[in-house]
Protein chains: 2
Amino acid sequence: MARKASLSGFPEWLPAERAVEQHVLDTLRRTFELHGFANIETRAVETRGQLLRKGEIDKEVYGLSRLAADAEDKNDPNALALHFDLTVPFARYVVENAGHLAFPFRRYQMQKVWRGERPQDGRFREFTQADIDVVGEGSLPFSYDVELALTIADALSALPIGDFRLRVNNRKLAEGFYRGLGLADPDAVLRAIDKLEKIGEDGVAKILVTEVGASEEQARAALALAAIRTLDTGFVAQVRALGVEHELLDTGLDELAQVIDAASKRAPGKVMADLSIARGLDYYTGTVYETVLVGHESLGSICSGGRYESLASKGKKNYPGVGLSIGVTRLISRILAEELASAARAVPSVVYVTLANADSWHQAQDVASALRARGIACEVASSAEKFGKQIKYADRRGIPFVWFTQEDGTHEVKDIRSGEQLSADAASWTPPAEDLHNTVN
Amino acid sequence: MARKASLSGFPEWLPAERAVEQHVLDTLRRTFELHGFANIETRAVETRGQLLRKGEIDKEVYGLSRLAADAEDKNDPNALALHFDLTVPFARYVVENAGHLAFPFRRYQMQKVWRGERPQDGRFREFTQADIDVVGEGSLPFSYDVELALTIADALSALPIGDFRLRVNNRKLAEGFYRGLGLADPDAVLRAIDKLEKIGEDGVAKILVTEVGASEEQARAALALAAIRTLDTGFVAQVRALGVEHELLDTGLDELAQVIDAASKRAPGKVMADLSIARGLDYYTGTVYETVLVGHESLGSICSGGRYESLASKGKKNYPGVGLSIGVTRLISRILAEELASAARAVPSVVYVTLANADSWHQAQDVASALRARGIACEVASSAEKFGKQIKYADRRGIPFVWFTQEDGTHEVKDIRSGEQLSADAASWTPPAEDLHNTVN
């Protein structure tokens, strides 16, 4: 990771680094499938009309044009562009394939997305996202908001990333509170609250008073709400103590309490009610999730999401959804930079089958076939150099075992690390379990 | 597969179809890793200068431009474009990272590529390729040409695609033969031979005589060479019988004989010397591979490749390589269209855990956690509807087992297919091995 990407914002990994990324993706896949999520992939491109529907030009979309074609019209809504997330394509996929899907439809999707942003630490122009969503037809029970938090807590716990905190808030809670306070523009309040970390309480209070039209008292109440953080349902009493009443606030409190109640039992310490979260509350309609790596808070959220009352719609049909998206590349780049985990070796091979002489290639292939038939990855030397040279080659690649066939047809296998050399039979020899597959620790 | 892609040339699969694709990719990965190939991924974009270096504008490259940016210059060599294959990016990656790689470096790479071609059967604008290559620093032993043929035969044999034939030719053999015949422009001869299937022997002979300057006799000899196809090394005698002599021909015959000799022993019937292959002989420098699915020859080659004396170079360093590329999307689209294989179910879940009443959600989650801890994928009902409705839901999604928790706290599990219902314990119950994972057959 000391290496610089040859194209800024487009990271590429060395084989041993890619093994770490494969481990992360495999682990996510395994966890998502254990929770019943089916995989899909969507095409990398959408029409520009589809991508810019919500005016999200700020995502810095990459347009596509065939170099062989004539000059293009940038405003053509049917022209193609690369997707900047997996939610917009998923919403389109659901509408297009609704007749073939069983709802509630739960899927995971792990693909690259592209954003023409200015690259900086933790921000890339090409990066992999791993998304899970459940989408309903017409309606979607709230219990999925709880389940998705638990699924993600399960998935992140299985990764070599240390401790994390899933922080949950609820749009209804915030909006109900602000309305109960008498503030008529909840989105303006949320935009101000979103600046808390940057400009502090006094700065936010000033904006609320001068720009949003709040009284000093209303501003202090909004800030008091944003100061509430609990790992259990204690936040409910703390909000109640602020004395604000509104029907939407009640609904929001109840919803968030369901998530935190279940999480405090099933994933204790991992999921927190955090009423300061304002990001995303402009487009999510209920639950909203963010996740920080403990000790790496500056990295920003590594997993965000929430509930959409209308993830997609077509005619009279409405598809509500709830989901989360893990920023895999952001995670990997931090894992590699801080050496939180590394691969045992850069190659899948467990065994390097040497050649005694130029005529022994077929014999060596027989050994390799016998090992592979039992799931043992190996490679055969390409030329009969001196054994010392062949061993050195295996060592340089991190292959733990070297196989020798003696002139009398017997076999020996040497553990390069310990130097131990034992007689072996390709039909039965098995490496220690921890060497069989490349491991990431 | 009756469904039409919503964007022509950009196929998207339903979950059960994606499960087939996942199975194919998993199988390839497993085989490649058993043969010691390490995985890498390269970025989706290259600079246009890099992509168009060899003048391959015919690949219909997709250029990228930020929609938010000013008008672009199509001729700017530093502007970005999507890669049209995985070979050009791999060559760049090798040069950029040479100091961090152990040569001969063997890698596999499975990624999407893009070509703005006119979509038609078996041709897509976005598709997945699975490549294996071995690249050397300075030199690369010929035994890798043999090994790669065997690795690919192994990989394709593990796929649900029926019988296939890997057809191998050699540039040196063809060029040596033509030069020995007295034809000075081997590339022109190869371009004519490449038209054999389309215009037949007489058509090719006419081109050779009128356009390439061959005599009638030379043309007939070139056609006689192209008619040779053997599953063993019998092709050597057949070529010798044509009476042409040239040093390069000798080398080519020896190289091809090594591939076919090993393959006839280790993958009998799968690999064939086919001297009619002319495609690719203009850029490959020795061995060239193509692969057809038996009974689906019209699909074209599903796996092609060959030897490059110079896959990449930098300054005085030269990197020869040999590799093959499998057209995964082309394969999948045929597997799905002809129903050569299908997934047992559209979801990973083995068990659907029902809710007896609204209060039993946590109890159901306990069951689910116990099953998942032992690798059994499951999902929990989202609301306590009538059991009949819950069973129907599981059935519609193809989940084979439904789990019930009785009021007395005991558990039962029902196989929806047979109707058999037995008492069970979440800490020990295990589904039959064939149901544990979604299978593709």
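Predicted model: local features only at pLDDT ≥ 70, side-chain atom pairs only at ≥ 80, totals over all residues.
Visitor: Let's start with the overall look of chain A. What makes up its secondary structure?

Guide: Chain A has 14 helices and 17 strands. Its C-alpha atoms fill a box of roughly 90 × 60 × 45 Å along the principal axes. Of the 441 residues in chain A, 49% are buried. Among contacts between residues at least 6 apart in sequence, 69% join residues at least 24 apart.

Visitor: Why is A:Leu82 called buried?

Guide: The cut-off is 20 or more other C-beta atoms within 10 Å. A:Leu82 has 25 of them within 10 Å, so it counts as buried. You'll find A:Leu82 in strand 4 (residues 80-82) of chain A.

Visitor: Which residues does A:Leu82 touch, leaving out those up to four places away in sequence?

Guide: A:Leu82 touches A:Ala44, A:Val45, A:Tyr62, A:Leu64 and A:Trp114. As for A:Arg115, it sits 33 residues from A:Leu82 in sequence, with 8.3 Å between their C-alpha atoms.

Visitor: On to helices. Why are helix 7 and helix 8 of chain A called roughly antiparallel?

Guide: Angles over 145 degrees count as roughly antiparallel. The axes of helix 7 (residues 196-210) and helix 8 (residues 216-226) of chain A cross at roughly 150°, so the pair gets that label. Those axes come within 7 Å, and the crossing of helix 7 and helix 8 of chain A is right-handed.

Visitor: What makes up the contact between helix 7 and helix 8 of chain A?

Guide: From helix 7 of chain A come A:Leu196, A:Glu201, A:Val204, A:Ala205, A:Leu208 and A:Val209, and they meet A:Glu216, A:Ala219, A:Arg220, A:Ala222, A:Leu223 and A:Ala226 in helix 8 of chain A. By class, this contact has 9 nonpolar, no polar and 3 charged residues.

Visitor: What makes strand 1 and strand 8 of chain A edge strands?

Guide: Chain A has an open sheet of 9 strands with mixed pairing, in the order 1-5-6-12-11-10-7-9-8. Strand 1 (38-39) and strand 8 (229-230) of chain A each pair on one side only, and that is what makes them edges.

Visitor: How do you know that strand 10 and strand 11 of chain A are paired?

Guide: Pairing takes at least two bridges. Strand 10 (residues 287-293) and strand 11 (residues 303-314) of chain A are joined by 2 bridges and run antiparallel, so they pass. A:Tyr289 stands opposite A:Gly305 in strand 11 of chain A.

Visitor: Which helices pack here?

Guide: Among them is helix 4 (residues 143-157) of chain A, which lies across strands including strand 6, strand 7 and strand 12 of chain A, at about 20° to strand 12. Helix 5 (residues 171-181) of chain A packs on the sheet as well, touching strand 7 and strand 10 of chain A, and makes about 45° with strand 7.

Visitor: Which way do the residues of strand 9 of chain B point?

Guide: B:Val271 and B:Ala273 point one way, B:Met272 and B:Asp274 the other way, and all are buried.

Visitor: Last topic, the two chains together. How many residues of chain B are in contact with chain A?

Guide: 60 residues of chain B are in contact with 60 residues of chain A. By class, the chain B side has 27 nonpolar, 16 polar and 17 charged residues.

Conventions
Residues numbered from 1 in each chain as written. Chains lettered and ligands numbered in written order. Axes fitted to C-alpha atoms, helices over the stretch in contact; angles between N-to-C directions. Helix = DSSP H or I, 4+ residues; strand = E, 2+ residues; numbered from the N terminus. Parallel < 35°, antiparallel > 145°, perpendicular 65-115°, else oblique. Left-handed = near helix turned anticlockwise from the far one by under 90°. Contact = placed C-beta atoms within 7 Å. Nonpolar A, V, L, I, M, F, W, Y, C, P; charged D, E, K, R; others polar. Buried ≥ 20, exposed ≤ 12 C-beta atoms within 10 Å, placed from the backbone.
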